[in-house]
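Please keep the sequence and the 3D view at hand while reading.

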Amino acid sequence: MPGLPLLDPRLDVIFKRLFAEAPDLLADLINAVRSDEPPIVELQVLNPQIAPEELTGKFIVLDILARDQTGQLFNIEMQTRNHAGWPSRSLYYLARNLGRQLQAGDGYQRMQPVIGIHLMDFDLFEEEQACWAFELRDRQRPQVRLDRSLQLHLIELPKADRLHSQGGSALADWILYLKHWQQEDVLMQSIESPAIKKARERLQTLSDDDEARRLAFVRERALHDEVTEKAEAEARGRLAGKAEGKIEGKIEGRADTLRNQLRLKFGALPDAFEQRLQSADEAELTTWTERVLFAEQLEQVFGKDGVKG
């Protein structure tokens, strides 16, 4: 049924279908991000399909892996949530794609650069800058580049939208579209890019497709469940930590009381007995507290046989 509300192109399953099924749009987006590099003229998407388990699996990222006419590999992701350990995960997958290029006996000169482009619907850094390009460079002389095998472009969409609201570049137009996709105002109408006009048409077609809407619902539910489960686990951890803290506090209090009793009766405690007090559990403290009433020597409190009344 035409005219249904548009699906969100920032939802990873919709983002992947929007761009993986239209390599020309993906190439335009990559060229916009890397406008200072030679443009891509041919692009092959290597993972266009979406497996059913990817829609419901926990902590799965629906990325797009593509290769251009020179052999360079591109990993494109849309991220809406800032995961813990996200930078390390991103570098791990880029490095894995780099290592997978070589077979036994291949020379390192066969390796082609692996370039990550991650569009993030959140601000990752506190700095005002919104578009980042990371490479292997010297810390003291950043103009000296060691190698271009690993590159990572990060676009913080909310910040970039504020900084590039005036437009004026292909990347600014893509940012404007991805942040204001559901608007039909003058701002969106001002975008003249043929690629973005095609993206808007494709998004409407996807939005009118019942199966696409079903998959989007499944994915949104899985992501919601993931966030809910994580929040519940963190809440359980906090409760467990509080309970454990109360138990530890109770044990420490009983140990302090026993320590005072022992000092009053036997004087200063030797280090060996002090260490036993510090490592004691609740059952041991209970036994020793009972023994101190009848013990004539300090060793009898901590001894195996104890003191019988």
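A residue is called buried when its relative accessible area is under 20%, exposed when that value is over 50%, and partly exposed in between. Leu91, which is found in helix H4 (residues 86-99), has a relative accessibility of 48% and therefore counts as partly exposed. The C-alpha atom of Leu91 is 8.2 Å from that of Leu152, although 61 residues separate Leu91 and Leu152 in sequence. The model discussed here is a predicted one, and its values are computed from the atoms.

**The chain as a whole**

The chain contains 12 helices and six strands. Of its 309 residues, 38% are buried. When contacts between residues at least 6 apart in sequence are considered, 63% of them join residues at least 24 apart.

**An enclosed helix**

Helix H1 (residues 12-20) is largely enclosed by the rest of the structure, because eight of its nine residues are buried. The buried residues of H1 are Asp12, Val13, Ile14, Phe15, Lys16, Leu18, Phe19 and Ala20.

**Selected residues compared**

| Residue | Relative accessibility | Class |
|---|---|---|
| Leu277 | 2% | buried |
| Glu77 | 3% | buried |
| Gln79 | 3% | buried |
| Leu91 | 48% | partly exposed |

**Glu77 and Gln79 in strand E3**

Gln79 is placed in strand E3 (residues 73-79), and Glu77 also has its place in strand E3. Their side chains make a polar contact with each other at 3.2 Å.

**Leu277 in helix H10**

Leu277 lies in helix H10 (residues 271-278), and at 2% relative accessibility it counts as buried. Residues up to four places away in sequence aside, Leu277 touches Ala255, Leu258, Arg259, Leu262, Leu269, Leu285, Trp288 and Phe302. The C-alpha atoms of Leu277 and Glu252 are separated by 9.2 Å, with the two residues 25 apart along the chain.

**How H2 and H6 pack**

Two packed helices are described by the angle between their axes and by the distance between those axes. For helix H2 (residues 23-33) and helix H6 (residues 170-179), the axes come within 8 Å and cross at roughly 120°. That angle makes H2 oblique to H6. The crossing in which H2 passes H6 is left-handed. On the H2 side, Leu25, Asp28, Leu29, Ala32 and Val33 take part in the contact, and they meet Ala170, Leu171 and Trp174 of H6. Sorted by class, the contact of H2 with H6 holds seven nonpolar residues, one charged residue and no polar ones.

Key. Residues numbered from 1 in each chain as written. Predicted model: local features only at pLDDT ≥ 70, side-chain atom pairs only at ≥ 80, totals over all residues. Heavy atoms only, no water. Axes fitted to C-alpha atoms, helices over the stretch in contact; angles between N-to-C directions. Helix = DSSP H or I, 4+ residues; strand = E, 2+ residues; numbered from the N terminus. Parallel < 35°, antiparallel > 145°, perpendicular 65-115°, else oblique. Left-handed = near helix turned anticlockwise from the far one by under 90°. Contact = heavy atoms within 4.5 Å. Nonpolar A, V, L, I, M, F, W, Y, C, P; charged D, E, K, R; others polar. Buried < 20%, exposed > 50% of the residue type's maximum accessible area, 1.4 Å probe, protein only. Polar contact = N/O pair within 3.5 Å; in protein donor to acceptor, adjacent residues only side chain to side chain.
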